Amino acid sequence: MSELCDFGLIGLAVMGENLALNVESRGYRVAVYNRTTSVMEEFIAGRAKGKAFVGCKSIEELVKSLKRPRKVMMLVKAGPAVDAVIDSLKPHLEPGDIIIDGGNTYYADTERRTKEVEGAGFLYSGTGVSGGEEGALKGPSLMPGGSPDSWPHLKPIFQSIAAKVGPNSDIPCCEWVGPRGAGHYVKMVHNGIEYGDMQLICEAYSMLKEGLGLSNEELYDVFEEWDSGDLDSYLIEITKDIFSVKDPDSGQYMVDLVLDRAGAKGTGKWMSQLALDLGVPSTLVTEAVYARGLSARKDERVRASKVLKGPEPRYSGDKKEFIDQVRQALYASKIVSYAQGFVQLQAAAAEHDWPLNYGDCALLWRGGCIIRAVFLDRIKEAFDADPKLENLLLAPYFTEQVDNAQAAWRHVVANAATLGIPVPAFYTALAYYDGYRRERLPANLLQAQRDYFGAHTYERVDKPRGEMFHTEWLDLRKPPK
């Protein structure tokens with residue numbers, strides 16, 4: 001082969017094709033391989049025609065076409081397929097070559113694979129990629145982790161293809177995250193926060209549509225206004241656009257024709273499960289996962305709707321004022337969602353000895369990804385001011401914003417309950433805030449109950465922390481009448 005390639009990519013679904021085109025557009029020569037050879041040949045003859053690509057019909061051919069240290073990125077389905085590709089690559093690699101997993105992989109698998117690949121003399125990078133098909137082509141958010149020695153070789157390529165932000169659009173949404181599975185864990189938390197953001201927007205939509213009876217035209221105007229303020233974000237922008245689209249055949253608004261049964265790929269569930277393992281209350285993503293689960297029981301809900309009764313969901317107060325109160329409730333709940341996400345990142349970093357930079361994590365999500373928002377600049381500023389910040393709610397800006405929104409937030413949640421409109425993410429965000437701000441919670445009674453029935457012991461407020469006590473509650477109780 002006359003000229004060796006700078007980068008190799010395995011897996012040519014649309015995401016893979018777009019990422020390969022992005023890399024090539026930055027001046028790199030790219031070798032591509034797909035298990036189904038015809039897919040590779042169609043790409044080379046089509047979208048890649050006339051560009052600096054080499055199509056390969058085998059893993060061995062792909063590896064031989066690359067400059068050392070070889071950089072091979074896999075975009076294949078998470079799970080056994082990744083292990084199979086790694087096993088196919090190993091016999092053809094040389095020490096120092098780099099394998100990159102750009103899929104939505106469970107972080108623990110990346111922890112394991114990093115150790116195994118490094119044990120074989122190679123380098124490994126579990127890299128979170130966000131932004132979907134469009135981001136892959138035009139500039140994704142990249143969250144690389146794995147073998148630290150891989151980063152100097154990947155940095156020029158990854159930062160060249162990543163989305164750019166900042167006043168001069170020159171700050172790449174890509175920076176080294178941490179060792180082993182750190183990159184994929186940060187991507188998982190990104191996806192969990194995405195679940196929460198989407199659920200909160202849907203609940204705001206429900207309050208405006210059902211509670212106020214707003215039309216799609218009115219909803220478009222509301223979201224257009226919100227997109228120019230504190231809520232300025234990709235998800236608010238696309239939600240606005242959705243309200244404007246009509247079905248070409250029927251002329252009806254498309255959003256009203258979409259079945260209310262949500263799908264999920266599992267990363268939100270992973271975050272919720274891992275939060276339970278760590279003992280951190282990531283309640284908002286959990287409620288968002290449950291809300292999707294309830295939506296999926298469509299036929300059951302249809303049957304229940306004919307039996308179970310509730311109030312008329314129509315708000316009778318000032319419409320304009322209530323719209324702004326919903327906006328404030330959405331913003332305050334969003335702050336809580338991100339606060340919970342970063343608390344979980346901090347707990348995971350402590351558990352796995354990952355030296356995460358939380359301000360940089362926020363910056364990685366500032367462009368190219370689904371949760372990109374102006375709001376993320378505030379998070380970076382908060383962690384830059386205090387790298388050991390325990391909770392975003394304690395940063396002065398967020399403390400002030402939540403305090404300012406508190407009355408409106410409570411009004412919306414109370415009215416949702418009164419009107420019978422389900423807003424579980426709004427509820428849980430407010431409950432978390434109220435729990436977090438209280439010096440004393442009723443867990444003293446819970447500990448007493450545990451000690452009563454199971455002798456689990458408890459600490460006392462009037463004794464040194466860590467000293468444990470047990471009471472024979474049955475012996476000391478008031479005699480029954």
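A crossing of two helices is called right-handed if the near helix is turned clockwise from the far one by less than a right angle, and left-handed if anticlockwise. In this predicted model, local features need pLDDT of at least 70 and side-chain atom pairs count only at pLDDT 80 or more, while totals for chains, interfaces and linings use all residues. Residues are numbered from 1 along each chain as its sequence is written, and side-chain values use heavy atoms, with hydrogens and water left out.

The crossing of α8 and α9 is right-handed, where helices are DSSP runs of H or I with at least four residues, numbered from the N terminus. Contact (heavy atoms within 4.5 Å) between the two involves the residues tabulated here.

| Helix | Span | Residues in the contact |
|---|---|---|
| α8 | residues 182-211 | I201, A204, Y205 and L208 |
| α9 | residues 216-226 | L219, V222, F223 and W226 |

The helices pack at an angle of about 135 degrees with their axes 11 Å apart, the axes being lines fitted to C-alpha atoms over the stretch in contact and the angles running from 0 to 180 degrees between N-to-C directions.

Q325 lies in helix α14, which spans residues 319-352, and is buried, with a relative accessible area of 12%, buried meaning under 20% with a 1.4 Å probe and protein chains only. Not counting residues up to four places away in sequence, Q325 touches Y315, A408, H411 and V412. I379, leaving aside its neighbours within four places in sequence, is in contact with Y338, F342, A362, L392 and F398.

Notes. Helices (H or I, at least four residues) and strands (E, at least two) are DSSP runs, numbered from the N terminus. Buried means under 20% relative accessible area, exposed over 50%, partly exposed in between (1.4 Å probe, protein chains only).
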